[in-house]
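Welcome! Have a look at the structure first, then read on.

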Amino acid sequence: MSRLPGALAHLPFPVIGSPLFIISNPKLVIAQCVAGVVGSMPALNARPAEQLEEWLIEITEGLAAHNAAHPDSPAAPFAINQIVHKSNDRLAHDMALCVKYKVPIIITSLGAREDINAAAHSYGGVVLHDVINNKHARKAIEKGADGLIAVAAGAGGHAGVKSPFALIQEIRQWFDGPVALSGSIASGGAILAAQAMGADFAYIGSAFIATDEARAVDGYKQAIVESNSDDIVYSNLFTGVHGNYLAPSIRAAGLDPDNLPESDPSKMNFGGDKSKAWKDIWGCGQGIGAITQVQPAGELVAQLKREYAEARARLALG
C-alpha cells in the first residue's frame with residue numbers, strides 16, 4: 001500500500017476525475033466530489049483570469065455546504081490543474097489563488113517546478129505531477145511532487161505511448177508514494193485492474209465528458225457515446241504535444257484524420273489565439289467503447305462503483 005498524504009489519505013473511492021480542458025467547470029467538479037471521487041479542472045478553463053477566484057469560491061462553498069448537510073458522507077477533495085509551461089503567462093496569478101483558497105490537490109502538467117510544489121506545501125496541499133515515462137517521473141519527485149499521474153497509451157488529450165503495465169512497473173520499482181493511472185479507464189473493472197497493476201487510483205477523463213454537468217456541446221457528448229477506440233487519432237498538430245482526439249471532429253474541421261501534418265513542438269499553445277483555431281477538435285481516450293449514454297456525473301460514478309464491486313466479486317469467486 002502506498003503512502004498517501006493529506007487529501008489523498010481517505011478517499012471514498014479510488015478515482016480522480018482528470019481536468020478536462022474547456023469542459024471541466026465548478027458544476028462538474030462539485031458533482032464529482034459529492035459522488036465520492038476527486039473532481040478537478042484546469043485553472044485555464046476560467047476565462048478571464050479573474051473568473052478563477054469566483055470559481056474557487058463556488059467550489060469551496062458548495063462542498064462546505066454539502067459536508068455540513070451530510071456529515072456522514074463528506075465530499076471528496078477537489079484539484080486544480082496548472083500548466084507549468086512557458087506559454088502559460090497566468091501561472092503565478094492562478095497559483096496564488098490556489099494558495100489563498102487552500103486547494104487540496106494541485107495537478108501539474110508539462111513541467112515540474114520546485115516553487116509550485118513549495119507553494120502547495122505551504123498550506124498542506126498535495127501535488128500530483130503527470131508523466132509519460134519513468135525519466136520524467138523521477139525528475140518530478142526530485143523536485144518535490146508528492147505523487148505521480150502515469151499517463152499511459154490510450155489516455156484522452158495529451159497522452160504517452162507506454163503500455164500501462166510497463167509504466168507502472170518501472171515507477172513502482174523505486175517509488176512508493178501515490179500513483180494514479182491514466183489511459184483507457186472507463187469502467188469499474190478497469191479501475192480494479194489499475195489497482196492490481198500497482199496504481200492507487202484510476203484517473204478518468206473521457207467518461208466524464210459525456211455527463212450532464214460537463215461544459216461540452218451535445219455533439220461532442222454524443223460522439224463519445226457513438227464512437228469507440230477505432231475513432232481515436234494520435235497527433236501533435238493541435239497543441240504541439242501529442243494527444244488523442246476524436247476522428248469525427250477532425251473530419252468536421254476539413255482535415256483527413258489519417259493524414260495529419262506534424263506540428264512544431266517548440267510552438268506549444270494552450271490558450272492563445274492559435275488554440276482557438278482548434279476549439280472544435282475534441283480530445284478523447286481509447287476507453288470510450290464502455291460509454292453508452294449521457295448521464296449525470298453522480299450516476300456515472302454510481303455505475304463505476306457497481307462495476308467495481310462486481311469485478312471484485314468475480315475475482316473472489318474465481
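**Aromatic pairs**

In this predicted model, four aromatic pairs are counted.

- Trp174 and Phe175 make up one of the aromatic pairs, with 5.5 Å from centre to centre and 45° between the planes, a tilted arrangement.
- Trp174 has a relative accessibility of 25%, so this residue counts as partly exposed.
- Phe175 has a relative accessibility of 7%, which falls under the 20% cut-off, so this residue counts as buried.
- Phe238 and Tyr245 form an edge-to-face aromatic pair, with centres 5.0 Å apart and planes at 70°.
- Both Phe238 and Tyr245 are buried.
- A pair of aromatic rings is described with two values, the distance of the centres and the angle of the planes.

**A charge over a ring**

- Which ring lies under the charged end of Lys305? That ring belongs to Phe13, and the charged end sits 5.9 Å from the ring centre.

**A sheet of three strands**

- Three strands form an open sheet in the order β7-β11-β10, and their pairing is antiparallel.
- The edge positions are taken by β7 (157–158) and β10 (232–235); each has a single partner strand, so one side of each has no neighbour in the sheet.
- Strands β7 and β11 (residues 243–246) run antiparallel and are joined by two bridges.
- Across from Gly157 you will find Asn244 of β11.
- Strands of a sheet pair through backbone hydrogen bonds, and the pairing is either parallel or antiparallel.

Definitions and conventions:
Residues are numbered from 1 along each chain as its sequence is written. This is a predicted model: local features need pLDDT of at least 70, side-chain atom pairs count only at pLDDT 80 or more; totals for chains, interfaces and linings use all residues. Side-chain values use heavy atoms; hydrogens and water are left out. Rings of Phe, Tyr and Trp (its six-membered ring) pair if their centres lie within 6.5 Å; planes under 30 degrees apart count as stacked, over 60 as edge-to-face and the rest as tilted. Buried means under 20% relative accessible area, exposed over 50%, partly exposed in between (1.4 Å probe, protein chains only). A charge sits over a ring if NZ of Lys or CZ of Arg is within 6 Å of the ring centre and within 35 degrees of the ring normal. Two strands pair if DSSP finds at least two bridges between them. Helices (H or I, at least four residues) and strands (E, at least two) are DSSP runs, numbered from the N terminus.
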